[in-house]
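Open the model in your viewer and keep the selection tool at hand. The stops below go from one site to the next.

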Amino acid sequence: MKQKTIGKKVELVGIGLHKGVPVKMTLEPLAENSGIIFYRSDLGASIELKPQNVVDTTMATVLGVGEARVSTIEHLLSAIHAHGIDNLKIILDNEEVPIMDGSAIGYCMLLEEAGIIKQNASKRAIGIKKPIEVKENDKFVRVEPSDKTIFDFAIKFPHQAIKEQAYKFTFSTSAYIQEIARARTFGFLSEVNYLRSQGLAKGGDLSNCIVLDENGIMNKEGLRYKDEFVRHKILDAIGDMALIGMPLIGTYIAFAGSHKLNHLLTEKILSDDKAYEILNLEDYAEEEGIEYSVATIPTI
Ligand SMILES: [Zn+2]
């Protein structure tokens with residue numbers, strides 16, 4: 001398996017979910033072993049994708065270096081990661097990634113328009129070697145060793161439209177597009193005024209967010225999946241775990257996980273060199289839905 005980037009430069013314009021300001025996003029190919037790099041064209045500042053650069057996880061995952069910020073990166077990263085892209089430059093002329101329709105499908109379409117190309121260097125992955133967990137009251141996120149990449153998420157909200165939902169997703173690009181990519185972000189009408197007083201959710205509306213009031217779902221079109229809420233949490237988790245910088249081979253399990261807990265989990269994994277090994281996927285075939293076998297992949 002080889003590293004991948006995109007075939008050509010592509011761009012789109014939209015608004016940010018929290019700041020509500022227009023932003024142009026340009027994606028450009030990058031050379032092998034470059035990783036994912038954000039660039040604020042208005043500030044001339046580069047921000048590398050790594051857990052040490054996370055500066056906020058309150059309502060979205062935010063990276064920062066010095067004064068420069070890139071916000072609400074998780075849905076875009078989720079789509080990039082799901083397409084197996086290792087090297088990419090993401091150029092923004094403002095602080096926040098365009099929210100699109102609140103899901104990842106718009107980014108998937110943009111990446112497909114750009115085309116995904118193989119590079120010469122071997123692809124690498126992180127294989128989980130022992131369970132690592134982060135807890136907060138009854139909430140937790142955890143990774144465990146596995147020969148596949150699995151995201152197993154459960155949520156519980158005291159709202160009749162959500163209640164308890166659980167979803168177990170075995171990763172492949174095609175399964176991601178079918179099962180996860182279209183799941184939108186969601187919020188409660190009762191929290192909108194508070195969020196806006198905090199400078200958040202200013203760009204949020206029924207075109208980019210499922211909004212719940214005391215009667216149910218306010219969006220006239222209804223849901224895209226009956227369990228769209230928990231599927232979106234998996235979309236977020238895939239994006240947040242992409243901060244590790246390589247595909248994860250292991251099982252991710254969460255109850256009521258959040259951007260904050262996901263960030264703490266990436267830091268905890270990378271701070272314990274007995275928790276993981278870096279795998280060389282050179283001899284692995286390119287087909288979708290591959291079952292990696294950690295034991296048979298040479299470590300670097
Ligand atoms: Zn989200």
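**Salt bridges**

Select Arg142 and Glu144. The two form a salt bridge, with their closest N and O atoms 3.1 Å apart. Keep in mind that this is a predicted model. Arg142 counts as partly exposed, because its relative accessibility is 22%. Glu144 also counts as partly exposed, at 26% relative accessibility. Glu133, Arg142 and Glu144 are linked in a network of salt bridges.

Next, select Asp42 and Arg40. Their side chains meet in a salt bridge, at 2.7 Å from N to O. Arg40 has a relative accessible area of 7%, so Arg40 is buried.

Move on to Glu221 and Arg184. This is a salt bridge too, and the closest N and O atoms are 2.7 Å apart. Glu221 lies in the loop between β18 and α5, and Arg184 in the loop between α3 (173-179) and β16, so the pair ties together parts that are 37 residues apart in sequence. Arg184 is buried, with a relative accessible area of 2%. The count of salt bridges comes to 12.

His75 lies in helix α1 (residues 74-82) and Asp236 in helix α5 (residues 228-241), so the pair ties together parts that are 161 residues apart in sequence. Switch to a surface view. His75 counts as buried, at 2% relative accessibility. Asp236 is buried as well, with a relative accessible area of 8%.

**A hairpin**

Select residues 149-157, which make up strand β14, and residues 163-170, which make up strand β15. How many bridges join β14 to β15? Eight do, and the strands run antiparallel. Trace the chain from β14 to β15: a hairpin joins them through five residues.

**A sheet of three strands**

Colour β16, β17 and β18. They make an open sheet in the order β16-β17-β18, with mixed pairing. Which strands are at the edges? β16 (186-188) and β18 (216-217) are, and each pairs on one side only. Zoom in on β16 and β17. Three bridges join these strands, which run parallel. Pick Gly187 here: Val211 in β17 stands opposite.

**A nonpolar patch**

For the last stop, keep the surface view and select Leu189, Leu206 and Met218. Together they form a nonpolar patch on the surface, with about 230 Å² of accessible area. Centre on Leu206. Where does Leu206 lie? Leu206 lies in the loop between α4 (189-197) and β17 (210-213). Leu206 counts as partly exposed, because its relative accessibility is 41%.

Terms used:
Residues numbered from 1 in each chain as written. Predicted model: local features only at pLDDT ≥ 70, side-chain atom pairs only at ≥ 80, totals over all residues. Heavy atoms only, no water. Patch = residues over 30% accessible without salt bridge, like charges linked within 9 Å, V, L, I, M, F, W, Y side chains within 5 Å. Areas by Shrake-Rupley, 256 points an atom, 1.4 Å probe, with all protein chains shown as cover. Salt bridge = Lys/Arg side-chain N within 4 Å of Asp/Glu carboxyl O. Helix = DSSP H or I, 4+ residues; strand = E, 2+ residues; numbered from the N terminus. Buried < 20%, exposed > 50% of the residue type's maximum accessible area, 1.4 Å probe, protein only. Pairing = 2+ DSSP bridges.
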